[in-house]
Amino acid sequence: MAPSSSLTKSRHVAVIGAGAAGLVAAKELRREGHSVVIFERQNQIGGTWIYTDDVEPDPLSVDPTRPVVHSSVYGSLRTNLPRECMGFRDFPFVTRSGASESRDPRRFPSHSEVLAYLQEFAKEFGIEEMIRFETVVVRVSPATKSDGKGGIGKWRVESTEKEKKVRRDEIYDAVVVCNGHYIEPRISSWPGKEMHSHNYRIPEPFKDQVVVLIGNSLSADDISRDIARVANEVHVACRSNAADTFIKQTGYTNIWMHSMIERVHEDGSVVFQNGKTILADVIMHCTGYKYHFPFLETNGSVNVDDNCVNKLL
């Protein structure tokens, strides 16, 4: 059978984001004979796996004018899947022979090991040559005939390049959106001192404090155990728990699992549905993220409803 690339008309494709999804999408598109440009706003590949000590000045990350930090990775983060399940078929995620001694050989490795793997993947398949680093996509919209090469089915991509201060306005046959969804927090409003897990990095700022975490998914589980090493008390509130839930976490003397919060007061007291009341120093929202595509204008052809992306072709 002839390779699929010989049966497919070559297209000019824009890929937004050089994280795991963007890298493998670009590789497969080029393998099929397409011309690919990757837009990456940071100065390296890796997307959400790039760790930084930086956090946003707005701890809840709701201020639309805030400088956005494009990573939610915290210092102690490890994968929740074994490395065998995370690798690409033609480039397994294994411990490389001759790798630096600082690399993490564990089956559930740290975020730095995942980043190193993605860097090696990009190098192995020559993906970096397709990437425009420090380039922000500001608008993606259907192209029109007045756009020169525009027409039905084509897309106009407007971008700015930080270093050269260049603004580009280009036409592509297709756009692959791989900008991730761990940037725009999903939260509710509370009157006390609070933050979102997007801005959590290390446990030391919570030393000797009473911390309430809202949520019971992976980030809440990880962060509660991390903070418990230095905090006085850690209380985890979750909607999925029964209203009378009050359980001490197995293996810990200072982590309690609760039902959801009933109400909070300006003096810092938090009342749970189980009737328990504690005086908290901080409430941390581990409530996930919203799918967010601020640059995408599709005239309703693609929309997001409660993190479900609709009308994809």
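Reader: In what order do the strands of the open sheet lie, and with which pairing?

Author: As a general idea, strands of a sheet pair through backbone hydrogen bonds, either parallel or antiparallel. In this structure, which is a predicted model, an open sheet of 3 strands runs in the order β4-β5-β6, and the pairing is antiparallel. The edge strands, each of which pairs on one side only, are β4 (135–142) and β6 (166–172). If direction is ignored, neighbouring strands of this sheet are turned by 20° against each other on average.

Reader: Over how many bridges do β4 and β5 pair, and which residue in β5 is the bridge partner of Val 137?

Author: The antiparallel pairing of β4 with strand β5 (residues 155–161) extends over 7 bridges, and the partner of Val 137 in β5 is Ser 159.

Reader: Turning to helix α1, what span should its residues have, and how far apart are its end C-alpha atoms?

Author: Helix α1 (residues 20–31) has 12 residues, so at 1.5 Å a residue it should span 16 Å, and the 17 Å between its end C-alpha atoms agrees with this. After α1 comes Gly 33, whose phi is positive, near 95°.

Reader: Which residues of α1 are buried, and what do they pack against?

Author: An α-helix has 3.6 residues a turn, so residues three or four places apart point the same way. In α1 the buried residues are Gly 22, Leu 23, Ala 25, Ala 26, Lys 27 and Leu 29. The buried residues of this helix pack against β1 (12–16), β2 (35–39), α3, β3 (131–132) and β7 (174–177).

Reader: Which members of the largest nonpolar core touch the most other members?

Author: That core has 45 residues, and Leu 23, Ile 38, Ile 227 and Met 284 touch the most other members. Helix α3 (residues 111–124) gives the most to this core, with 6 residues, while at least three residues come from each of domain 1 (12–182 + 289–310) and domain 2 (194–285). Leaving aside residues up to four places away in sequence, Ile 38 touches, among others, Val 15, Ala 26, Ile 127 and Met 130.

Reader: Is Asp 58 buried or exposed, and where does it lie?

Author: Because its relative accessible area is 17%, under the 20% cut-off, Asp 58 counts as buried. Asp 58 is in the loop between β2 and α2 (83–86), and it touches Asp 63, Arg 66 and Asn 199, not counting residues up to four places away in sequence.

Definitions and conventions
Residues numbered from 1 in each chain as written. Predicted model: local features only at pLDDT ≥ 70, side-chain atom pairs only at ≥ 80, totals over all residues. Heavy atoms only, no water. Core = buried A, V, L, I, M, F, W, Y, C linked by side-chain atoms within 4.5 Å. Buried < 20%, exposed > 50% of the residue type's maximum accessible area, 1.4 Å probe, protein only. Helix = DSSP H or I, 4+ residues; strand = E, 2+ residues; numbered from the N terminus. Domains from an automatic or database assignment. Contact = heavy atoms within 4.5 Å. Expected span 1.5 Å × (residues − 1). Pairing = 2+ DSSP bridges. Axes fitted to C-alpha atoms, helices over the stretch in contact; angles between N-to-C directions.
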